[in-house]
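This report describes the architecture of one protein chain and then turns to selected residues and pairs.

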Amino acid sequence: MTKNKSTDELISDIKDTREIDTFLQENKAALHFPSIAEYLNTHRLAKQLSCASLARASNLTRAYIQQIMTGQKSAPSRNTLLCIALAMKLSYEETVLLLKYAQAGPLYPRNPSDSIIMHSLRHEISLIDTELKLAEHGLPPLSSAREGA
């Protein structure tokens with residue numbers, strides 16, 4: 001019924017409901033994830049970034065950034081999202097939500113690459129410096145498996 005239900009409250013409601021259709025109807029607002037485009041555009045506009053400047057900072061083409069921002073490209077790779085997050089200087093928490101909304105794998109601190117990315121997000125380290133740190137440790141760059149570059 002309310003959009004501000006916690007995940008634990010939703011889990012409790014699922015356990016207590018006999019009909020999933022009822023649960024879905026009563027919790028419709030709480031079950032909405034923004035699209036990747038909605039989420040990124042909200043942050044891009046708040047940071048007063050143009051698609052062109054974001055493309056330069058993320059080392060992606062402007063056309064590809066525009067496809068993501070308009071929703072034409074609705075499922076960019078995890079690495080592409082991480083490049084955009086670093087280029088936009090999203091916080092660690094904002095990036096965690098981005099990955100969740102994109103249904104991409106979460107950052108995992110036992111993964112050396114993810115540890116470097118987490119550190120970069122927490123300390124506002126640029127994409128290029130993050131890529132250099134990955135290379136310094138013999139890890140693949142974020143750009144190696146990215147579309148739109």
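## Basis of the model

This is a predicted model, in which local features need pLDDT of at least 70 and side-chain atom pairs count only at pLDDT 80 or more, while totals for chains, interfaces and linings use all residues. Residues are numbered from 1 along each chain as its sequence is written, and side-chain values use heavy atoms, with hydrogens and water left out.

## Overall architecture

The protein chain holds nine helices and zero strands; helices (H or I, at least four residues) and strands (E, at least two) are DSSP runs numbered from the N terminus. Along the sequence the pattern reads α-α-α-α-α-α-α-α-α. The C-alpha trace spans about 55 × 35 × 25 Å along its principal axes.

Of the 149 residues in the protein chain, 37% are buried. Buried means under 20% relative accessible area, exposed over 50%, and partly exposed in between (1.4 Å probe, protein chains only). Contacts are heavy atoms within 4.5 Å. Among contacts between residues at least 6 apart in sequence, 56% join residues at least 24 apart.

## Charges and salt bridges

The protein chain carries 17 positive and 16 negative charges, and their mean positions are 6 Å apart. Lys and Arg count as positive and Asp and Glu as negative, while His and the chain ends are not counted. Each charge is placed at NZ of Lys, CZ of Arg, CG of Asp or CD of Glu.

A salt bridge is a side-chain nitrogen of Lys or Arg within 4 Å of a carboxyl oxygen of Asp or Glu, and by this rule the count is four. One of them joins Asp13 and Lys5, with an N to O distance of 2.4 Å. Asp13 counts as partly exposed because its relative accessibility is 26%.

Another salt bridge pairs Arg78 with Asp114, whose closest N and O atoms are 2.9 Å apart. This pair links distant parts of the chain, with Arg78 in helix H6 (residues 78–88) and Asp114 in helix H8, 36 residues apart. Arg78 is partly exposed, with a relative accessible area of 22%, whereas Asp114 is buried at 5% relative accessibility. Glu93 and Arg122 also meet through their side chains in a salt bridge (3.0 Å, N to O). Glu93 lies in helix H7 (residues 92–101) and Arg122 in helix H8, so this pair ties together parts that are 29 residues apart in sequence. With a relative accessible area of 46%, Glu93 is partly exposed.

## Buried residues and their contacts

Ser120 belongs to helix H8 (residues 112–122). Its relative accessibility is 3%, so Ser120 counts as buried. Not counting residues up to four places away in sequence, Ser120 touches Leu86, Ile125 and Thr130.

His43 is part of helix H3 and is buried, with a relative accessible area of 15%. Leaving aside neighbours within four places in sequence, the contacts of His43 are Met88, Leu90 and Glu94. The C-alpha atoms of His43 and Ala85, 42 residues apart along the chain, are separated by 9.8 Å.

## Surface and helix H2

The protein chain exposes about 9,000 Å², of which carbon and sulfur atoms supply 52%. Accessible areas come from the Shrake-Rupley method with a 1.4 Å probe; for residues, only the protein chains shown count as cover.

Ile20, Leu24 and Leu31 form a nonpolar patch on the surface, with about 250 Å² of accessible area together. Patches are made of residues with over 30% relative accessible area and no salt bridge, with like charges joined within 9 Å and nonpolar side chains (Val, Leu, Ile, Met, Phe, Trp, Tyr) within 5 Å. Leu31 lies in the loop between helix H2 (20–26) and helix H3 (36–46) and is partly exposed at 38% relative accessibility.

Thr22 sits in helix H2 and is likewise partly exposed, with 38% relative accessibility. The C-alpha atoms of Thr22 and Pro140, 118 residues apart along the chain, are separated by 47 Å.

## Loop residues with positive phi

Most residues other than glycine have a negative phi. Asn59 has a positive phi near 60 degrees. Asn59 is placed in the loop between helix H4 (51–58) and helix H5 (62–70), and is exposed at a relative accessible area of 51%.

Glu124 is not a glycine either, and has a positive phi of about 50 degrees. The loop between H8 and helix H9 (127–136) holds Glu124, which counts as exposed at 56% relative accessibility.
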